[in-house]
Amino acid sequence: MELVYPEYTSKSLYNLACGIAEFLGVERVCKGNKIGIPGKRLVLALVDGMGYKMMENAGISVDSYITTVFPSTTATVITTLFTAQLPGEHGVLGYTTYSKKLGGVINTLKYTYPLIDSRDSISSQVKYSVAFPKLQSYPQEVKDKKTAEVIPKGLEGTEFTDVTHGKVSNTKTYSNYFDAFYMLGKTLEENYDFVYFYIPDVDTLAHKHGPNTDVVKEAIRSIYDRLVKLAEKNKEYTFVIIADHGHVQTNEHVIFNNDSDLLNKIDVPPYGDSRAIFLHSRYDLKTYLYSKYPTLEVFPRTEFEKLLGREGSYADYIAVPKDDRAYVYLFKQQQDDYTKLIGHHGGLSEDEMKIPLVIING
């Protein structure tokens with residue numbers, strides 16, 4: 001499996017984020033070129049999990065693609081998208097990441113510790129903005145523009161949403177797939193300058209059933225068709241349709257809990273994602289990992305810049321699969337739902353890294 005690295009200098013989601021910030025009148029000093037946004041009004045539609053290759057498999061021809069960021073996972077991507085910062089700058093590095101300020105591994109989307117189920121359990125003691133002080137969201141810096149977001153009910157007002165994109169002029173929520181497009185259509189009638197639309201259905205289905213299944217292809221076709229029809233109806237808006245990542249269909253889960261030799265060599269549990277594993281160790285883990293897991297590509301700290309844009313992790317090594325395996329560390333003894341997932345992401349395969357960039361009315 002050939003690895004695809006983020007093209008941070010010209011053709012990545014980071015460069016698109018820099019262009020959106022510029023469209024909204026927010027100044028950002030970015031590495032490389034910005035992907036410019038034409039028109040006077042913008043709809044940014046993020047279809048979670050809808051990789052470029054997955055669209056092709058669903059029979060949809062897309063002329064343009066960009067690379068996502070690393071890790072190719074929602075928390076890192078959305079933070080980059082609404083900060084126009086490199087992953088190594090903002091520090092939200094995976095579904096779980098290590099926070100020195102918080103003293104351990106945390107779930108970045110739910111802002112809680114892995115052993116605690118309740119969302120935002122940390123916020124009563126330390127706010128997200130304090131835990132990640134370098135994170136600078138550009139929606140809160142927008143002046144003289146009317147902005148809105150349409151997101152699933154339950155995501156509004158959370159720590160992660162507030163610190164990334166929650167400071168728009170108006171937040172609207174929806175309860176299901178049909179309500180999502182109804183709410184988006186109604187919102188477009190209110191003449192906003194910028195509307196962010198997020199829909200998670202493709203990601204949810206790909207995790208459960210696998211990215212190459214008929215139900216995922218049907219979801220991709222349905223969502224894309226509805227977005228195109230809305231764009232045709234609302235020509236005063238430039239529609240930018242993207243994804244945060246694609247998926248790899250996995251057939252094997254490697255459980256790190258069973259590797260006592262590895263656990264004895266690391267200082268904190270493995271974190272990141274199932275296909276982007278961050279490791280702290282005082283030992284030569286590269287030699288050990290290559291001998292035990294020969295299909296892992298192991299990057300030492302000196303090579304982090306090509307993954308994260310710049311060095312910005314407390315880890316000593318990052319391991320990325322070169323095959324279709326998922327590598328999992330279970331924080332809960334009875335937790336087996338994660339090992340039942342078929343679609344996984346976070347890594348550097350073409351399926352995970354290439355995402356569509358569709359611009360309509362531009």
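Visitor: Taking a salt bridge as a side-chain nitrogen of Lys or Arg within 4 Å of a carboxyl oxygen of Asp or Glu, how many salt bridges does a search of the whole structure find?

Guide: The search finds 18 salt bridges. Please note that this is a predicted model, in which local features need pLDDT of at least 70 and side-chain atom pairs count only at pLDDT 80 or more, while totals for chains, interfaces and linings use all residues. Residues are numbered from 1 along each chain as its sequence is written, and side-chain values use heavy atoms, leaving out hydrogens and water.

Visitor: Which residue does Asp225 meet in a salt bridge?

Guide: Its partner is Lys229, at 3.3 Å from N to O. Both residues belong to helix α9 (residues 214–233) and are 4 residues apart, about one turn of the helix. Helices here are DSSP runs of H or I with at least four residues, strands are runs of E with at least two, and both are numbered from the N terminus.

Visitor: Is Lys229 buried or exposed?

Guide: Lys229 counts as exposed because its relative accessibility is 51%. The scale, using a 1.4 Å probe and protein chains only, calls a residue buried under 20% relative accessible area, exposed over 50%, and partly exposed in between. Asp225, at 37%, is therefore partly exposed.

Visitor: And what does Asp267 pair with?

Guide: The side chain of Asp267 meets that of Arg282 in a salt bridge of 3.2 Å, N to O. Asp267 lies in the loop between α10 (260–265) and β11 (271–273), and Arg282 in the loop between β12 (276–279) and α11 (285–292), so the pair ties together parts that are 15 residues apart in sequence. Asp267 is partly exposed at 41%, whereas Arg282 is exposed at 68%.

Visitor: Where is Asp203, and is it buried or exposed?

Guide: Asp203 lies in helix α8 (residues 201–209). Asp203 is buried yet has no salt bridge, and the nearest side chain of opposite charge, Arg119, is 12 Å away.

Visitor: What does Asp203 touch, then?

Guide: Leaving aside residues up to four places away in sequence, Asp203 touches Asp48, Gly49, His245, His247 and His345. Contact means heavy atoms within 4.5 Å.

Visitor: Changing topic, in what order do the 7 strands of the open sheet run?

Guide: The order is β2-β17-β8-β1-β7-β5-β6, with mixed pairing. Two strands pair if DSSP finds at least two bridges between them. β2 (65–67) and β6 (170–174) stand at the edges with a single partner strand each, so one side of each is left without a neighbour in the sheet.

Visitor: How do β2 and β17 pair?

Guide: β2 and β17 (residues 354–360) pair in the antiparallel sense over 3 bridges. In this pairing, Tyr65 stands opposite Pro356 in β17.

Visitor: What about β3 and β4?

Guide: β3 and β4 (residues 104–107) also run antiparallel, over 4 bridges, and Tyr98 stands opposite Val105 in β4. Their hairpin has 4 residues between the strands, and Gly103 there takes a positive phi near 80°.

Visitor: Which way do the residues of β3 point?

Guide: From β3 (residues 96–99), Thr96 and Tyr98 point one way and Thr97 and Ser99 the other, and all are buried.

Notes. Lys and Arg count as positive and Asp and Glu as negative; His and the chain ends are not counted.
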